[in-house]
Amino acid sequence: MTTKTTNAGAGVRELGKRFGEVRALGGVTLDFPAGQVTALMGENGAGKSTLLKILTGDHQPTEGSVLLDGAEVELHSPARARAVGIRIIPQEPEIIPHVSVAENVYAGALPRKAGRRLDRAELRRRIEADLDRLGFSRVLDPDLLGSELTPAQRQLVEILRALTGEAKVIAFDEPTSSLSEQEVEALFGLIRRLRDAGVAVIYVSHRMKEIFQLADRIAVLRDGTLAGVLDAAQASEGELVRLMVGRDLSAMFVRQNVATDQVVLDVQHLSTDDVTDISLTVRAGEVVGLAGLIGAGRSELALALAGDLPVRSGTVHLDGQELRSGHPGAVIRAGLGLAPEERKAQALFLQRTIRDNTSLVVLERLRRWRFVRRTAERELAQQYADRLRVRAPSIEHEVRKLSGGNQQKVVLARWLARKPKVLILDEPTRGIDVGAKAEIYQIIADLAKEGVALLVISSELPEVLGLADRVVVMQNGRITGELDRAEATEERILALAMADDLASGPDLAAAASDEGRTA
Ligand SMILES: Nc1ncnc2c1ncn2[C@@H]1O[C@H](COP(=O)(O)OP(=O)(O)OP(=O)(O)O)[C@@H](O)[C@H]1O
Ligand SMILES: [Mg+2]
């Protein structure tokens, strides 16, 4: 184990970074001590990822320096940063699509046999040992191809990658955004072990709960400067929010009762490759929460409803009109909108502006929309960019230059602005800062009041409980239960989300470690 000296770990001194006219960081002096978890918080666009990317050699600072164990280091390339022991689990996983999980993890350092041939047996041994050590054996099959991975699995590949070899500093940039509760627990156990082994851990997240569970110190960035560093054991949530957003936040959730009896979305016995016999309804003005663990089939159901995944059997009616499967354009015209989970991959035109992205709906409609009410669209885009606090010089800014959370806001803005009859939001606040989250909850409430039928997929139970009039829970592609607002609690939702596991044996831990579950 490492002995703790005062300046072991990483640090930055008077650090500054500009991207053209945008100042992402300025005058930041901060330490990341060895053997501690330092949380890095701040609103979307505050500069968190930029700071991490300087530590990992992906960006060069415009001013200031980086220290490692008290001495200045030049991190002129990612390879250099890696060589001195700095690792990052990035916000957007970078996965090679056509090779396996094992090869993705060991890319650049694959075990070779004589004659430079890939040593598959050795690779297999290593990856299985890694998965085992991290408690991820059950959630990640090492033979899957990069292109076959879910967002959660892609994240796990990045984590595995960062942990190969010796690391002094490990930075996690919103690592839990697509992980299930169980996976989060496994990850936290791992982070604590790294910390106890003397690694300087940097942890970026927008989730208060996690920060208080995990962090020793909390550093807050605001508009690219350091707003303060708090001792996690002493800090309160209110204090932290004030430091981040510069104001107090009133109640996060808006309680109202505006559901009508008019069924707008009516799904009957729907089956696809991923989900089985799904029946559910959403009424005008109603917010239905769709809960479940990662892999329960919620996103796949949403994609099938939007016409993006084929339907095998069953029906979907919108306002009494049957939606034909496999016609995304027709589904949108009929009045159903989906803000998908994988916003970057599925929904954003990165080379285009915020304004374009807010007003465009789907690629095939692009041409038709070009002639439509330019100024009205502009105003709408501006209005939602303001409400959601998209941090950019103007709405003519290219989306690819925005921070992760601000990109997400643009996709959401598009659908919120559109006000379809049925709006499906898949993890609408993932990666979004606390101030903008409150605004999104308000917008959801406003839409419900205007009679929109809302189906909200969320893995954050407080969010489901705070928003939904009714909660539908799924596991293994099926609906396992439904709870009214009055009867819904975190425990009940979780019990339904794991109904199959509970039915096959009371001991969850045993079920998790026992691959061949007895039926
Ligand atoms: N490659 C880039 N080109 C231009 N501007 C950039 C680039 N990367 C970041 N920025 C800008 O720098 C600022 C800080 O962005 P950064 O990604 O560090 O924010 P963040 O704190 O990580 O936010 P989030 O919580 O949304 O991930 C933002 O205004 C962003 O638009
Ligand atoms: Mg970021």
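1. Phe172 and Tyr203 are both buried (under 20% relative accessible area, 1.4 Å probe, protein chains only). Phe188 is buried too. The model is predicted: local features need pLDDT of at least 70, side-chain atom pairs count only at pLDDT 80 or more, and totals for chains, interfaces and linings use all residues. Side-chain values use heavy atoms, without hydrogens and water, and residues are numbered from 1 along each chain as its sequence is written.

2. There are two aromatic pairs (Phe, Tyr or Trp ring centres within 6.5 Å, with the six-membered ring for Trp; planes under 30 degrees apart are stacked, over 60 edge-to-face, the rest tilted). Phe172 and Tyr203 make a tilted pair, at 6.3 Å and 45°. Phe172 is in strand 7 and Tyr203 in strand 8, 31 residues apart (strands are DSSP E runs of at least two residues, helices H or I runs of at least four, numbered from the N terminus).

3. Phe188 and Tyr203 have ring centres 6.2 Å apart and planes at 80°, so this pair is edge-to-face. Phe172, Phe188 and Tyr203 form one cluster.

4. Two charges sit over rings (NZ of Lys or CZ of Arg within 6 Å of the ring centre and within 35 degrees of the ring normal). Lys17 is over Phe19, 5.2 Å from the ring centre. Arg126 is over Tyr106, at 5.5 Å.

5. Four strands form an open antiparallel sheet, ordered 12-11-14-15 (pairing needs at least two DSSP bridges). Strands 12 and 15 are the edges. Leu318 has Gln321 of strand 15 as its bridge partner.

Methods:
Chains are lettered from A and ligands numbered from 1 in the order in which they are written. Buried means under 20% relative accessible area, exposed over 50%, partly exposed in between (1.4 Å probe, protein chains only).
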